[in-house]
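Subject: Structure handover

Hello,

Here is the structure I said I would pass on. My notes follow below it.

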Amino acid sequence: MGLVNNGTEDTKGDPLRKEAYALLKKAGDEGRLNFVGNVEGSMVPLGACDIAVCDGYSGNVMLKTMEGGGKFLLKSLKAMFLSS
């Protein structure tokens with residue numbers, strides 16, 4: 001489990017992310033979950049964590065960005081293969 005943040009350092013983020021980090025780290029230290037720390041949005045699709053924790057706004061932006069990138073990639077590949 002990773003906390004989506006604007007950097008991997010434990011001091012990064014606004015008060016909400018800092019408080020969430022402290023709570024998740026405590027639960028990880030107690031063995032209640034496997035907390036890997038802060039992860040940047042670009043690290044999530046690359047497998048930095050199995051579960052990405054974030055607020056609804058950040059999660060929606062990250063999800064829509066990944067969807068748009070995937071659609072662009074597929075459209076570009078299709079155009080490349082059909083042009084020959």
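In these notes, contact means heavy atoms within 4.5 Å. Please keep in mind that this is a predicted model.

I began with R17, which is placed in helix 1. With neighbours within four places in sequence left aside, R17 is in contact with L3, V4, N5, D55 and S58. R17 has a relative accessibility of 15%. Buried means under 20% relative accessible area, so R17 counts as buried at 15%.

One of those partners, N5, sits in the loop that runs between strand 1 (2-4) and helix 1 (15-29). N5 has a relative accessible area of 9% and is therefore also buried. Not counting residues up to four places away in sequence, N5 touches K12, G13, R17, N38, V39, E40 and G41.

K71 belongs to helix 2, residues 56-82. Is K71 buried or exposed? Its relative accessibility is 60%, and exposed means over 50%, so K71 counts as exposed.

The last item is a surface patch. L73, L74, L77, M80 and F81 form a nonpolar patch, and together they have about 540 Å² of accessible area. Of these, L73 lies in helix 2, the helix that also holds K71.

Regards

Methods:
Residues are numbered from 1 along each chain as its sequence is written. This is a predicted model: local features need pLDDT of at least 70, side-chain atom pairs count only at pLDDT 80 or more; totals for chains, interfaces and linings use all residues. Side-chain values use heavy atoms; hydrogens and water are left out. Helices (H or I, at least four residues) and strands (E, at least two) are DSSP runs, numbered from the N terminus. Buried means under 20% relative accessible area, exposed over 50%, partly exposed in between (1.4 Å probe, protein chains only). Patches are made of residues with over 30% relative accessible area and no salt bridge: like charges are joined within 9 Å, nonpolar side chains (Val, Leu, Ile, Met, Phe, Trp, Tyr) within 5 Å. Accessible areas come from the Shrake-Rupley method with a 1.4 Å probe; for residues, only the protein chains shown count as cover. A salt bridge is a side-chain nitrogen of Lys or Arg within 4 Å of a carboxyl oxygen of Asp or Glu.
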